[in-house]
Amino acid sequence: MPWEEATRMNRREQFVAAFDSCQYTMTELCEGYGISRKTGYKWAERYGQEGVEGLKDRSRAPQNCPHGTSAEISDKLLDLRRTHPTWGPRKLLAWLSKREPETAWPAASTVGGILKRHGLVESRRKSRRAWPLGSHPLVEAEAANHVWSCDFKGQFRVGDGWLCYPLTVADGFSRFLLALQGLDSVGESQAWPVFERLFRQYGLPEAIRSDNGSPFASAQALARLSHLSVRWVKLGIRLERIKPGHPEQNGRHERMHRTLKQETARPPAGSRAAQQERFDQFRSLYNEQRPHEALGQRTPKELYRPSPRPYPAKVLPLDYPGHFEVRGVRPNGEIKWQGHFLYLSEALRGERVGLEETADGIWTLYFGPLLLARFDERDRQLHG
């Protein structure tokens with residue numbers, strides 16, 4: 001049977017002693033000890049040359065490696081990793097290969113070994129991959145400006161006491177980080193100027209994906225409309241919202257947030273101005289230098305193009321087909337319909353909504369192209 005680890009040396013000594021006794025052939029001994037004849041001759045030869053010391057295990061590592069990584073290449077990899085501690089082997093190689101294409105860079109697995117030997121790799125607990133959700137799939141971005149993603153990274157306090165709320169906006173196709181702005185709060189009055197600047201600079205996206213928190217949505221309103229999302233709808237931007245409690249539906253954005261936190265907020269800067277400077281530097285690096293494996297090791301800037309839909313000089317009121325019944329929303333968020341007051345949302349005050357009879361006694365309520373609810377004449381209630 002195979003030799004046990006604890007008795008390995010003892011078994012080897014017994015084997016060579018039996019062979020030296022000349023009472024057994026090599027074939028008989030190897031069959032009895034459960035080893036090959038090649039192994040048997042190896043131990044006999046080593047014992048004859050070195051005695052008992054020759055029976056000890058030897059390292060299988062090669063004494064030299066003609067293809068080993070040179071110190072110069074290792075130093076370049078290590079220096080770049082120390083500059084960008086969140087970059088993995090493939091990103092390091094993509095960045096260096098683009099700048100020094102004539103150099104024979106090692107494989108990613110070799111780079112991983114170099115980083116590990118120098119203490120630049122932290123072991124991570126494996127996480128269970130979440131199952132994809134089968135219902136209500138979100139649209140996959142197929143071109144630049146098809147879908148923008150936005151979110152607030154968790155607030156934190158900087159050295160001078162200012163509480164920073166980082167607002168991030170990114171293009172879902174190219175991963176181009178459109179905005180990274182530290183704000184005073186998550187209020188609509190803080191967020192809208194950032195979006196308006198982006199619309200003027202880059203044009204309008206087809207859709208914006210967000211979570212269900214403020215200022216992107218309101219739990220108390222029909223279709224969870226907030227003041228900010230009302231502005232988006234009026235610009236012809238489709239609303240996409242992830243399911244509550246499922247941040248993985250905006251996984252690319254969440255992954256960017258982890259890198260953002262590591263590189264800009266651990267620890268926070270000493271002042272508001274210094275923190276924003278870190279954000280600006282991160283955005284520049286993320287867009288223009290950091291290779292992305294999902295983009296074929298290209299940078300977001302290489303793929304992103306501004307939208308052909310310009311931000312209009314004047315936002316026109318929403319229009320409805322001639323057969324719709326149109327009502328204006330009162331300052332308190334209500335409309336009057338068939339002698340009753342129906343509450344919609346304060347975010348819609350001053351706006352116009354349209355009602356279309358889609359079945360006998362059933363009216364469908366719209367805000368532009370967005371379906372808000374249905375009104376049933378039998379119970380005179382809105383049903384979301």
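This is a predicted model: local features need pLDDT of at least 70, side-chain atom pairs count only at pLDDT 80 or more; totals for chains, interfaces and linings use all residues.
Helix H3 comprises 14 residues, 37-50, and extends 20 Å from its first C-alpha to its last, close to the 20 Å expected at 1.5 Å a residue. Gly40, Trp43, Ala44 and Arg46 of H3 are buried. Viewed down the axis of H3, these buried residues fall within an arc of 165°, so they line one face of the helix. Their cover includes helix H1 (8-20) and helix H2 (26-33). The face of H3 turned away from the buried side bears the exposed residues Lys38, Glu45, Gly48 and Gln49. Glycine 51, with a positive phi near 75°, follows H3.

The whole structure contains 13 salt bridges. One of them pairs glutamate 293 with arginine 90, with the closest N and O atoms 3.7 Å apart. This pair links distant parts of the chain, 203 residues apart: glutamate 293 lies in the loop between helix H10 (272-288) and helix H11 (300-303), and arginine 90 in helix H5 (residues 89-99). Glutamate 293 is partly exposed, at 47% relative accessible area, as is arginine 90, at 48%.

In a further salt bridge, the closest N and O atoms of glutamate 188 and arginine 231 are 2.8 Å apart. Glutamate 188 belongs to helix H7 and arginine 231 to helix H8, so the pair ties together parts 43 residues apart in sequence.

Arginine 209 and glutamate 240 also form a salt bridge, with a closest N and O separation of 2.8 Å. The two residues lie in strands S5 and S6, respectively, 31 residues apart. Arginine 209 is buried, with a relative accessible area of 10%, and glutamate 240 is buried at 6%. Elsewhere, salt bridges with shared partners join Glu72, Lys76 and Glu100 into one network.

Note on methods: Residues are numbered from 1 along each chain as its sequence is written. Side-chain values use heavy atoms; hydrogens and water are left out. Helices (H or I, at least four residues) and strands (E, at least two) are DSSP runs, numbered from the N terminus. The expected span of a helix is 1.5 Å times one less than its number of residues. Buried means under 20% relative accessible area, exposed over 50%, partly exposed in between (1.4 Å probe, protein chains only). The arc is that of the directions from the helix axis to the C-beta atoms. Contact means heavy atoms within 4.5 Å. A salt bridge is a side-chain nitrogen of Lys or Arg within 4 Å of a carboxyl oxygen of Asp or Glu.
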